Amino acid sequence: MDFLIFKAPMLMVQASLDGILLGILFALIAYGMALQWGVMNIINIAQGDLVILGGYIAYTMYLAGIHPAWGVIVSPIIMYFVGWALYKLVINKVVDRDLFISILATFGIAIVFQQLMNFIFGADVVVAQSEYGTTMLFDNSVTLPNSKIFSAFISVLYAIGLVIYMKKSRLGRAIRATAQNARAAKILGVDTEKVYAATFGINAALCGIAGALISITLTLHPYVGLPYTVRSFMIVIVAGLGNLPAVAVSGMGLGLFEEFADYILGTEFRIGAVFMLLVFILVYRRFKLSKKREYLK
Amino acid sequence: MNKLVKLFTIFISAITLTIASISSSFAKVEGEYIVLGSAISLTGKYSSNGVHTQNGYNMAVERINKMGGVKVGGKSYKFEIIYYDDESNPKRAAQLAERLIKQDGVHYMLGPYSSGLTKAIAPVTEKYKIPMVEANGASRSLFTKGYKYLFAVLSPANQYLEVAIDLAVEKNGGKPVKIAQAFEQDAFSQDVRLGILDAAKRTGSKIIIDDKLPKELNDMAATLAKVKATKPDVLVVSGHTKGALTAIRQISEMKVDVPMLAMTHCDAAKLSKQHGKKSEYALCASQWHKNLSYKDKFFGSGKKYDKDFKKEFGYAPPYQSAESSAALLVFKDAFERADSFDRDKVRDALKTTEMQTFYGNIKFGPGGQNVAKPMILFQVRCKGDSCENKVVAPTKWASDKFYHPIPKWSERS
């Protein structure tokens, strides 16, 4: 236990800002997961690996001399088709089976992706340089990397865009209809097969954006996808499906929680604390649900 | 139909058995070849360093064979290595070691890449009394188990950054220093940490931050914010390539000013290439550097090795390759002194090894670790945009002066 953070107010500010900026990025990944979970009832274990693949696309651009920030436009386009192809190849065969089958299938996809990325990009840890510099606050005692601010800004931008798209466009409405009741939507003429493919593609595209942002803020490695899957799973558990504001808030909350756990409990418990919180939330939700049922009796 | 299948199975198993028994009776020395075995990470998370290791082995095999091979009993033999891919997986590595020994009949082993995999294989080679010379397992725990058939050409992990603390104290006018440290939670990094704890005790220095980084971590902003608030004299980071890259990225972004930054895995992470000027002044522990003046008759000097390796494989050799090549020089020397293929005689010869290679002096301590070679420290220095690693410690090998303290970020262009 270390209470240094409570003695230094600037550390508190630093931790909060770091946490929120990181949380917004997590929220973007989690929103993709919530979307396909809600629409297709699939928990995508390969979520984190899609993120890393998106990151490698930005990194490849960086190697070719293009600024990696352009990855936030190129990466989602490529990833949309990756997601779409994945749906056509694998997911459409498991989409109406039970959850366990789809978890197994996406777990398999995750392994294949990891090995493929290892094969193509090598096992070295890599970073792309944005050269965006740093913003200093409060006489240099709080520092915010501009790349993190940039990534939070882009995440918010895309999230707003997606909300509007889901509300206004034909496909958006079809996706929402399918999420509410797939059979009814089908009867009313929605091509659910197409909706599923598009949903999976949109999710992969969101992962692509997040990956490109991670390539300039954190590091890339073929085997670091899983923590992103776990975090987004957790955010979705807390926020519920198809509720974007809740996803955003719980994403930022998780970012803050992680940052503070790091300061207070020590870095070694940072990820452990996330898992502890997950257990706690699952138990709490169960408890709440069981109470509700009793009330209904 | 069923009968046919049964017959077929029996037939196949009979053939396999025959082949297995034939090969094991020949394998230790086949004709003019001495067969060595190695499980090595060609796929999975260690694959890049696994390939560096394999290239180092292959380079040495080719060189030794070309220069007359190994002379045993008045006859000249050549080296040959059987490789299996362990997929960076300790369980698989242990299985493959069994397979090399039992099925392929290998009597002499070369080590895999990484402390973790070496730890998985050592009990197997020990069980079958197979001498193993390894070049990539530095964890201290390998040398405290009383293994009798394990020999490591590299310095143990706890020695990696001890020198750095001594250096910091020296620069502080002989007075104790404040140390901030962050280490990944794995065997190797924790051993590096133990070395720092020893050095801190010895010099009376105080450890003010002692963070342990989880394996999955790629964000150490919290640790660095604490460093910023507490102003230590030296910051020590070890977390393989990911730790090195993350540290430099976030230190430069958060403008963390420390007088001294000591790390491991800088060259494996290609720090000076990936981060350029941001990595300048970082102090890195290394097993080897091409500018050291060690010599042997096979590779000449470190510089010559560097040149030949580049010609052969198209990239500059990291120390992982150099130490792997040295492992074969040790084996050759031991075979010739033992003048026999008897495993125990070879082991006894290994135990009394005392030689110089281009990689450094080699002499094995009671636990099998190399006690004759000091670790070196280099510092990343840049001219314009191109950065290089310059040896700064120990003084005997230093090509450049150690730059201290690191200029503040506000003064760096």
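**Notes on chain B**

1. Chain B contains 12 helices and 18 strands, where helices (H or I, at least four residues) and strands (E, at least two) are DSSP runs numbered from the N terminus. Its radius of gyration, taken over C-alpha atoms, is 23 Å, close to the 22 Å that the globule rule gives for 413 residues, so chain B is as compact as a globular protein of that length; the rule is 2.2 Å times the number of residues to the power 0.38.

2. This is a predicted model, in which local features need pLDDT of at least 70 and side-chain atom pairs count only at pLDDT 80 or more, while totals for chains, interfaces and linings use all residues. Residues are numbered from 1 along each chain as its sequence is written, and chains are lettered from A and ligands numbered from 1 in the order in which they are written.

3. Seven strands of chain B form an open sheet of mixed pairing, in the order E9-E8-E10-E11-E12-E17-E18, two strands being paired if DSSP finds at least two bridges between them. Strand E9 (206-213) and strand E18 (386-393) of chain B are the edge strands, each pairing on one side only.

4. Within this sheet, strand E12 (residues 283-286) and strand E17 (residues 376-383) of chain B pair in the antiparallel sense over four bridges, and B:Leu283 has B:Gln379 in E17(B) as its bridge partner.
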